[in-house]
Amino acid sequence: MTNKDIQQLIDKYLAGETSPAEEQQLALELQQRQDLPDDWQAVSIMLGELTLGEAEYDTIMAQRKAKPSALIIALRIISSVAAIYLVGLFLYLQQEPVVKVETAYNNKVKKEQPIPAPAYCTEGTPREILMCYLEYREAQPDTYKQLKRMSNENK
């Protein structure tokens, strides 16, 4: 915008004939200029900080309306897919497992009865608890051998 155009807008503003859009345009022009004459500085003060703020706000919003870059769009898509996946995984893990009755493992488990633990296993001195654990372990030697063998295989 040339100085002549700015002067015409100032004259129009002083006559009270400007629209709000023209006032914002004038405020933006006066804000961008470094060396303003005294009469233009007075008009800038009359326009007030609110009009200057509106002009600056409109400039910022015009910059934001530009299309986002491909990287931002890709990141938004990836984060949306990840969120949907996590919600689905959470819901899947909340389901109760379905146990098939006819499997060999279930039949084997049903036939074996666990050895009841002695009453002093949970109460008593540390020595009594240890002795209870050792007695329980000796009563089921195959289970502990299998667990030990499985843990050695996993190493």
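A salt bridge here is a side-chain nitrogen of Lys or Arg within 4 Å of a carboxyl oxygen of Asp or Glu. Keep that in mind, for this predicted model holds one salt bridge. The tour will reach it after a look at the whole chain.

**Stop 1: the whole chain**

Show the protein chain as a cartoon. It has seven helices and zero strands. Follow the chain from the N terminus, and the elements read α-α-α-α-α-α-α.

The accessible surface of the protein chain is about 13200 Å². Carbon and sulfur atoms account for 59% of that area. How much of the protein chain is buried? Buried residues are 14% of the 155 residues.

Contacts tell another part of the story. Take those in the protein chain between residues at least 6 apart in sequence: 44% of them join residues at least 24 apart.

**Stop 2: the salt bridge**

Select Lys12 and Glu22. These two residues form a salt bridge, and their closest N and O atoms are 3.0 Å apart. Which helices does the pair tie together? Lys12 sits in helix H1 (residues 3-14) and Glu22 in helix H2 (residues 20-32), so the bridge links parts that are ten residues apart in sequence.

Stay on Lys12 for a moment. Is Lys12 buried, exposed or partly exposed? Its relative accessibility is 30%, so Lys12 counts as partly exposed, because that class lies between the 20% and 50% cut-offs.

**Stop 3: the loop between H1 and H2**

Select Thr18. This residue is in the loop between H1 and H2. Thr18 has a relative accessible area of 15%, so it is buried. Show what surrounds it. Setting aside neighbours within four places in sequence, Thr18 contacts Leu9, Lys12, Tyr13 and Glu23.

**Stop 4: along helix H2**

Move to Glu29, also found in helix H2. Glu29 is buried, at a relative accessible area of 14%. Which residues does Glu29 touch, not counting those up to four places away in sequence? They are Met1 and Ile6.

**Stop 5: a nonpolar patch**

Go to helix H4 (residues 70-93) and select Leu89, which has its place there. Leu89 counts as partly exposed, with 33% relative accessibility. Together with Leu89, they form a nonpolar patch on the surface. The patch has about 580 Å² of accessible area.

Terms used:
Residues numbered from 1 in each chain as written. Predicted model: local features only at pLDDT ≥ 70, side-chain atom pairs only at ≥ 80, totals over all residues. Heavy atoms only, no water. Helix = DSSP H or I, 4+ residues; strand = E, 2+ residues; numbered from the N terminus. Buried < 20%, exposed > 50% of the residue type's maximum accessible area, 1.4 Å probe, protein only. Contact = heavy atoms within 4.5 Å. Areas by Shrake-Rupley, 256 points an atom, 1.4 Å probe, with all protein chains shown as cover. Patch = residues over 30% accessible without salt bridge, like charges linked within 9 Å, V, L, I, M, F, W, Y side chains within 5 Å.
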